[in-house]
Amino acid sequence: MTRAYIPLSVPNIKGNELKYVTDAVETEWVSSGGSYISAFEENFAQFVKVDAAVAVQSGTAALHLALMEVGVESGEEVIVPTLTFIAAVNPIRYCGAEPIFFDCDDSLCLDPIKLEHFLEQECNYEDGIVRNKATNKRIRAIVVVHVFGNLADMASIMPIAQKYQLKVVEDATEALGTTYTEGVYAGKLAGTIADIGAYSFNGNKIMTTGGGGMLVSNNKQYLDHMRYLSTQAKDDLVNFVHGEVGYNYRMTNLQGALGLGQIEQLSIFIETKERNYRLYSDLLRECPEYSILPFREGTKPNFWFYSLYLPSEKNIQVKMDALQLKRIQTRPIWGLIHEQKPYLKNQSYQIEKAEHYAKHIINIPCSTNLLEEDVRYVAQSINEIFGE
Ligand SMILES: *Cc1c(COP(=O)(O)O)cnc(C)c1O
């Protein structure tokens with residue numbers, strides 16, 4: 001008897017997606033115009049409780065537009081966590097700016113205490129401008145990444161940003177749907193708190209458009225201008241008049257059709273993720289060798305990724321290989337970005353927890369397609385292999 005392979009995180013496309021994509025194809029509206037893009041934008045905005053959203057080609061494109069929109073310019077610096085997918089960092093370079101790498105707290109997101117210490121002790125603040133003492137460069141913005149379904153501590157981060165007049169971009173990809181239930185931001189969803197929120201719909205995210213992204217902001221001018229930049233900055237649709245250097249970043253109607261079908265199911269996806277997370281929590285043995293990480297208190301998480309915390313570094317790869325033999329995919333978390341070749345010369349500030357977590361966490365299967373028996377099989381296999 002061979003078991004079906006259990007991948008880490010794969011798409012779930014069983015709703016109206018085929019119907020909508022077929023309609024887009026049959027009507028030949030497949031490119032960067034068409035009603036599915038705007039229908040998807042409207043449904044998305046409604047889901048995260050904002051007035052409007054702008055759909056683009058990828059999360060990376062969304063982050064690039066967001067950084068340009070908050071004014072990040074060549075020669076400036078941007079604060080970013082080192083524990084993230086690299087797509088949250090590369091767009092800083094696209095703007096000609098440089099990242100400064102920061103540590104995480106126990107939610108795996110940007111540590112607000114170290115953020116404040118750095119700004120207080122390592123920077124000068126004059127005439128509304130923050131300069132890094134080490135480089136004398138202006139720091140313009142902070143990119144906050146909400147990791148694995150967690151929300152960063154925005155109630156602490158936002159007042160610090162305001163105090164130093166720094167713009168904040170939320171990379172809310174992984175926490176789409178996660179909501180604060182307590183504190184000043186109670187009722188607010190990931191991505192809707194800072195100046196601009198960016199999301200990705202790549203294949204492994206909680207919902208997918210194959211490739212795609214979204215931007216939200218409470219600032220309508222920002223949104224309108226990002227939409228303009230995403231469509232080659234056309235001032236006149238007929239006569240090809242362009243007022244700025246634009247980008248070909250607009251989402252296509254085919255992606256929009258997929259997106260509309262997916263967002264209709266997002267609440268169900270989140271329910272399924274929560275059910276499977278709770279089942280894992282019940283089934284994984286309580287022991288010193290491993291535990292499943294909780295999500296931040298005071299939030300209703302989207303339960304996107306499940307993190308298995310392993311206090312001992314010993315034999316993690318051997319054990320992951322043993323799970324692979326049982327046809328179960330697991331994955332370590334990202335290599336830290338300040339250790340990646342393009343960023344070795346960049347400044348990093350007191351990185352400790354990120355280094356620890358990067359060596360002690362693996363992610364376990366979390367697709368919304370998982371059956372109860374799959375979860376039971378994975379949990380049992382982890383109990384066998386990691387319990388020694
Ligand atoms: C997936 C991901 C992205 C990348 O988005 P793309 O759509 O692949 O460009 C950006 N940030 C985070 C945190 C991600 O998880």
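Student: How many salt bridges are counted between domain 1 and domain 2?

Tutor: The count is three. This is a predicted model, where local features need pLDDT of at least 70, side-chain atom pairs count only at pLDDT 80 or more, and totals for chains, interfaces and linings use all residues. Residues are numbered from 1 along each chain as its sequence is written, and side-chain values use heavy atoms, leaving out hydrogens and water.

Student: Why is the pair of lysine 114 and glutamate 352 called a salt bridge?

Tutor: The term asks for a side-chain nitrogen of Lys or Arg within 4 Å of a carboxyl oxygen of Asp or Glu. For lysine 114 and glutamate 352, the closest N and O atoms are 2.7 Å apart, so the pair meets the rule.

Student: What area do domain 1 and domain 2 bury between them?

Tutor: About 4000 Å², 60% of it on carbon and sulfur atoms. Buried area is the accessible area (1.4 Å probe) that two parts lose on being put together, summed over both. Phe101, Phe148 and Ile206 supply 21% of the area that domain 1 buries against domain 2, more than any other three residues.

Student: Why is serine 230 called buried?

Tutor: Its relative accessible area is 1%. Buried means under 20%, exposed over 50% and partly exposed in between (1.4 Å probe, protein chains only), so serine 230 counts as buried. Among the residues that serine 230 touches are Val56, Leu65 and Tyr247.

Note on methods:
Contact = heavy atoms within 4.5 Å. Lists of a residue's contacts leave out its neighbours within four places in sequence.
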